[in-house]
Amino acid sequence: MKIRMPSLRGANIIGTGSAVPERILTNFDLEKMVDTSNEWIVERTGIRERHIADEGITTSDLAGEAALKALEDADMTVGELDLIIVATVTPDTIFPSCACAVQREIKAKNAAAFDISAGCTGFVYALSLAGDLISTGRYNNVLVIGAEILSRIVDWHDRNTCVLFGDGAGAVVMNPSAPGEGIIECVLKSDGSLSDVLLLPAGGSKIPASFETVKSKLHYIHMKGNLVYRHAVRVMVEGAEEVLEKAGLKKEDIDYIIPHQANQRLIDLAAERFGAHDKVYSNIDRYGNTSAASIPIALDEASRLGKLKDGDIVLLVGFGAGFTWGAALLKWCDK
Ligand code: ACO
């Protein structure tokens, strides 16, 4: 018997897409809802406005729209997809997965589909996994999506959190490439002992939904903002340094850094400590923190603006609930 062994190959991004709801909520709108000011929000976070989904729109709706744009950009048909991975903390339902809802939405009949839960690092986790599944020969045409409707789990009376988040989705289509083209290296990390710095306390097996949990607002995002800030700056720098070291590259080799868009101050501080401030791409002013969607939305925007050139080295780096963090180093290759 001859067993066919998979050969290692590269995994490249051949298309990107993104989608955000039409409705925009500005800081001035928020001034009328909670005790805050445009000045405070801009100074502490860099956010000016965010997109908010109207009632009836689901995470899979935004994910599906982003996916179809990415497929068009990749010049690939839906039927060619053999795997869909969705990173999200706001799936349409706890189960079945958001990826299966996307599959239904875009009619990707030939694909397997599942979700990844790694908070705002979800897209980096999903991209890394997709890369490995392509490299081993297990899958060929993989759709990787980060999508969120965070506005549904935000307490709109809590000024500490409601000013930070927005809704949206970003997607990439990946397929096999020559080794070294596309994903060069990834680092995925987590520290479960920090699970209480950022969480949605109720609705799972630990604290099932009840009248009491609703009354106590346990179905909203709970965040120790200062702790998140402190850990985030540290792990973003560590993640970036580690992925570079693994790849045998130096800071100077990087052309673009696309970090998780959580807070402009945090991005600036991490970039300053890392020593590559001028290479950072940021769009947080227009979208707020869209969690797992933030990196692929920014990647799609940078790509469509023609900022990413063939051969550019691009660093994606993020952190999120879990606590999780991770980095992916890409060689951007025009398909
Ligand atoms: N408007 C006006 N005042 C506010 C607001 C607001 N929206 N929010 C908080 N304040 C007040 C606080 O009540 C506090 O007042 P006090 O001194 O009278 O008690 C004061 O501002 C300072 O509060 P801090 O929490 O110390 O403000 P800080 O400068 O740390 O900024 C922030 C808060 C923006 C949340 C910051 O800590 C942060 O960005 N942390 C990281 C958050 C983050 O990245 N979360 C990610 C979530 S999901 C993810 O991406 C993993």
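The protein splits into two parts, domain 1 (10-180) and domain 2 (184-331). The model is a predicted one. Taken over C-alpha atoms, the centres of domain 1 and domain 2 sit 14 Å apart. On the domain 1 side, 50 residues take part in the contact, and domain 2 brings 45 residues to it.

How much area goes under cover where these domains meet? The size of an interface is often given as the accessible area lost when the parts come together. For domain 1 and domain 2, the area buried between them is about 3600 Å², and carbon and sulfur atoms account for 64% of it. A trio from domain 1 stands out here: Cys 120, Val 124 and Tyr 125 provide 17% of the area that domain 1 buries against domain 2, more than any other three residues.

Next comes the ligand. Both domains have a hand in the shell around the ligand, with at least three residues drawn from each of domain 1 and domain 2. There are 25 residues around the ligand, and the ones that come nearest are Thr 36, Arg 44, Cys 120, His 260 and Asn 263.

A backbone N or O atom of Gly 225 is 3.0 Å from a nitrogen atom of the ligand. From Arg 265, a polar side-chain atom lies 2.9 Å from an oxygen atom of the ligand. Asn 289 also takes part, with an N or O atom of its side chain 2.8 Å from a ligand oxygen atom. Taken alone, the ligand exposes 1000 Å², and 75% of that is buried by the protein. The elements that give two or more residues to the shell are helix 2 (38-45), helix 6 (159-162), helix 8 (225-247), helix 9 (264-274) and strand 12 (313-320). Helix 8 supplies the largest share, with four residues.

A few spots in the backbone also deserve a look. Most residues other than glycine have a negative phi, and most peptide bonds are trans. The bond from Phe 95 to Pro 96 is cis, with omega near 0°, and Pro 96 is placed in the loop between strand 4 (83-87) and helix 4 (98-106). Another cis peptide bond runs from Gly 322 to Phe 323, with omega near -5°. Phe 323 belongs to the loop between strand 12 and strand 13 (324-331). Then there is Asp 75, which is not a glycine but has a positive phi of about 60°. Asp 75 sits in the loop between helix 3 (59-74) and strand 4.

Notes. Residues are numbered from 1 along each chain as its sequence is written. This is a predicted model: local features need pLDDT of at least 70, side-chain atom pairs count only at pLDDT 80 or more; totals for chains, interfaces and linings use all residues. Side-chain values use heavy atoms; hydrogens and water are left out. A residue is near a molecule or strand if one of its heavy atoms lies within 4 Å of it. A polar contact is a pair of N or O atoms within 3.5 Å; within protein, one must be able to donate a hydrogen and the other to accept it, and residues adjacent in sequence count only if both atoms are side-chain atoms. Accessible areas come from the Shrake-Rupley method with a 1.4 Å probe; for residues, only the protein chains shown count as cover. Domain bounds come from an automatic or database domain assignment. Contact means heavy atoms within 4.5 Å. Buried area is the accessible area (1.4 Å probe) that two parts lose on being put together, summed over both.
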